[in-house]
Amino acid sequence: LGLSLFKIQPKLHTRADEKSVMILFSSKEMVACVHKLGVPIGNKISQGLSIPEWIFLKNEYQQAFLRGLFDTDGCVFLDNHRIKTKLYSHMGWAVTSADPQFRRQIVSMMNHLGFRPTNRPSQKSIFLRRQADINQYFSRVGSNNKKHLVKYCAFRKKLWRGV
C-alpha cells in the first residue's frame, strides 16, 4: 500500500523472538493523508479515540473497519466451562480496546450491522458469544488474518463434531 500510493520503500525488521516481521513506513505525506481520513496524530487514547464519521456512511465501510480491527486487535477462542460434571464448549469472538468511547462506537456499529455484541463497563473487550453471530461475522465481514481463520475453522469443526 505504501509503495503503490506514496512511492515509499518500507523498512523490514525481523523479530525472531516473536517470529514476525515489522514493516515500517516513514513519511510526512503518509501521516498527513491518514490524518485527513480522520486518524489522530499521536497518542490515540489520550486524544479520545473515535471512529471517523465517514466510516458510518456505508455498511461496506463499517464491515471493512471491523475486519481490520478484528484482524489486529481481536481473537476467536474456545470457551470451556463446567457445570456440575458436564463440560461445555462454546466459541467466542472478541475485540479489545482500552478506550470506553471507542468500544461504545464499535458496539453501536455492530448492532447496526445486525450483530448482538456484549460489553460490560468493567471489561475492555467486546464479545460475540452467540454461535449464529460468530458464523454470520465470518460469512459477511470475514477476516484477512490466517491465524483467526484457521482457529475459527478448527473450533467450528470441533464443536460441530461435539468433541
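Which residue forms a salt bridge with Asp-79? I will come back to that after the overall layout.

What you see is a predicted model, in which local features need pLDDT of at least 70, side-chain atom pairs count only at pLDDT 80 or more, and totals for chains, interfaces and linings use all residues. Residues are numbered from 1 along each chain as its sequence is written, and side-chain values use heavy atoms, with hydrogens and water left out.

The protein chain has six helices and five strands. Both are DSSP runs numbered from the N terminus, with helices being H or I of at least four residues and strands E of at least two. From the N terminus, the order is α-β-β-α-α-β-β-α-β-α-α. Of the 163 residues, 32% count as buried. Here buried means under 20% relative accessible area, exposed means over 50%, and partly exposed lies in between, with a 1.4 Å probe and protein chains only. Among contacts with a separation of 6 or more, 47% are between residues 24 or more positions apart; a contact means heavy atoms within 4.5 Å.

The largest nonpolar core has 27 residues. Such a core is a set of buried Ala, Val, Leu, Ile, Met, Phe, Trp, Tyr and Cys residues joined through side-chain atoms within 4.5 Å. Leu-66, Trp-93, Ile-106, Met-110 and Tyr-137 have the most contacts inside this core. Helix 4 gives the largest share of the core, five residues. Leaving aside neighbours within four places in sequence, Leu-66 is in contact with Ile-106, Met-109, Met-110, Leu-113, Tyr-137 and Val-141.

Helix 4 covers residues 100-112, and Gln-105 sits in it. Gln-105 counts as buried because its relative accessibility is 15%. Not counting residues up to four places away in sequence, Gln-105 touches Leu-49, Ser-50, Ile-51 and Phe-56.

Next, the strands. Strand 4, residues 86-96, and strand 5 run antiparallel and are joined by four bridges; two strands pair if DSSP finds at least two bridges between them. Trp-93 stands opposite Leu-128 in strand 5. In a regular strand, side chains alternate between the two faces of the sheet. In strand 5, residues 125-128, Ser-125 and Phe-127 point one way, Ile-126 and Leu-128 point the other way, and all are buried.

Back to the opening question. Asp-79 forms a salt bridge with Arg-129, and their closest N and O atoms are 3.8 Å apart. The pair links distant parts of the chain, 50 residues apart: Asp-79 is in strand 3, and Arg-129 is in the loop between strand 5 and helix 5. A salt bridge is a side-chain nitrogen of Lys or Arg within 4 Å of a carboxyl oxygen of Asp or Glu. Asp-79 counts as partly exposed because its relative accessibility is 27%, and Arg-129 counts as partly exposed at 39%.

The whole structure has two salt bridges. Arg-116 forms one with Asp-133, the closest N and O atoms being 3.3 Å apart. Arg-116 is in the loop between helix 4 and strand 5, and Asp-133 is in helix 5, 17 residues apart. Arg-116 is partly exposed, with a relative accessible area of 40%, whereas Asp-133 counts as buried at 4% relative accessibility.

Leu-12 is in strand 1, residues 11-15, and counts as exposed because its relative accessibility is 57%.
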